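Work through the exercises below with the sequence and the model in view, and try each task before reading its solution.

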Amino acid sequence: RLRAYQITPAERARRAGQIPFAVWLTGLPRSGKSSIAYALERDLFGRGLHALVLDGETLRGGLSSDLGFSAADRAEHARRAAEVVRLFLDQGLIVIAAFVSPTLEQRGRAKQIAGADRFLEVFCDAPLSVCESRDKDRLFERARAGEIADVTGVDQVYEVPASPDVRLDTAQVDVASNVARVRAELERRGWVRPA
């Protein structure tokens, strides 16, 4: 009976005037995920689209504040993020998610939850040495000194995506050029109209 009153995701997308999709940025800590996420959000916003960023560190300050960095907690963090992504997509929004999500299983599950037909996996590829050189918070240094544990790249493995939809060289290529590469893929898929 309630279905007669419920607004469908398709209706919401039509009202928003856009195709909802998720861009899931994955990579080592300090690989440039958040910088690219916010720059892409700004780019899409400038085109009149309704996009928002979900950042792993931001979610850990609220929704995932009860979680640590064990393998199980990381998996739950990624699952919660994917559920939030799905909710926003169903509202007709575009979501740019920036999460280390270090395992193939976590990213596969996120894609399944959000919906494979509206999910773009983007690998921010930077070697650990480059990520360490950008580490103003001394995350890696503190992990190597034994002050903190479960840091991806030091004492937790990052499983490189076997076949991401887009691979970005975030060590050698600037943010604007990487955003242009993502945007080109979104245009190729017909999710975003060319400028």
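**Exercise 1. Find which residues ring pairs link into a cluster together with Trp24.**

Ring pairs join Trp24 to Phe99 and Phe119 in a cluster, where rings of Phe, Tyr and Trp (its six-membered ring) pair if their centres lie within 6.5 Å. The whole structure, searched in this way, holds four aromatic pairs. This is a predicted model, in which local features need pLDDT of at least 70 and side-chain atom pairs pLDDT 80 or more, while totals for chains, interfaces and linings use all residues. Residues are numbered from 1 along each chain as its sequence is written, and side-chain values use heavy atoms, without hydrogens and water.

**Exercise 2. Classify the pair of Phe21 and Trp191 as stacked, edge-to-face or tilted.**

Begin with the geometry: the ring centres of Phe21 and Trp191 are 5.2 Å apart and the planes stand at 25°. Planes under 30 degrees apart count as stacked, over 60 as edge-to-face and the rest as tilted, so the pair is stacked. Phe21 is buried at 0%, and Trp191 is buried at 13%.

**Exercise 3. Determine which side chain makes a polar contact with the side chain of Arg183.**

Arg183, which is buried with a relative accessible area of 19%, makes this contact with the side chain of Asp43 at 2.8 Å. A polar contact is a pair of N or O atoms within 3.5 Å; within protein, one must be able to donate a hydrogen and the other to accept it, and residues adjacent in sequence count only if both atoms are side-chain atoms.

Notes
Buried means under 20% relative accessible area, exposed over 50%, partly exposed in between (1.4 Å probe, protein chains only).
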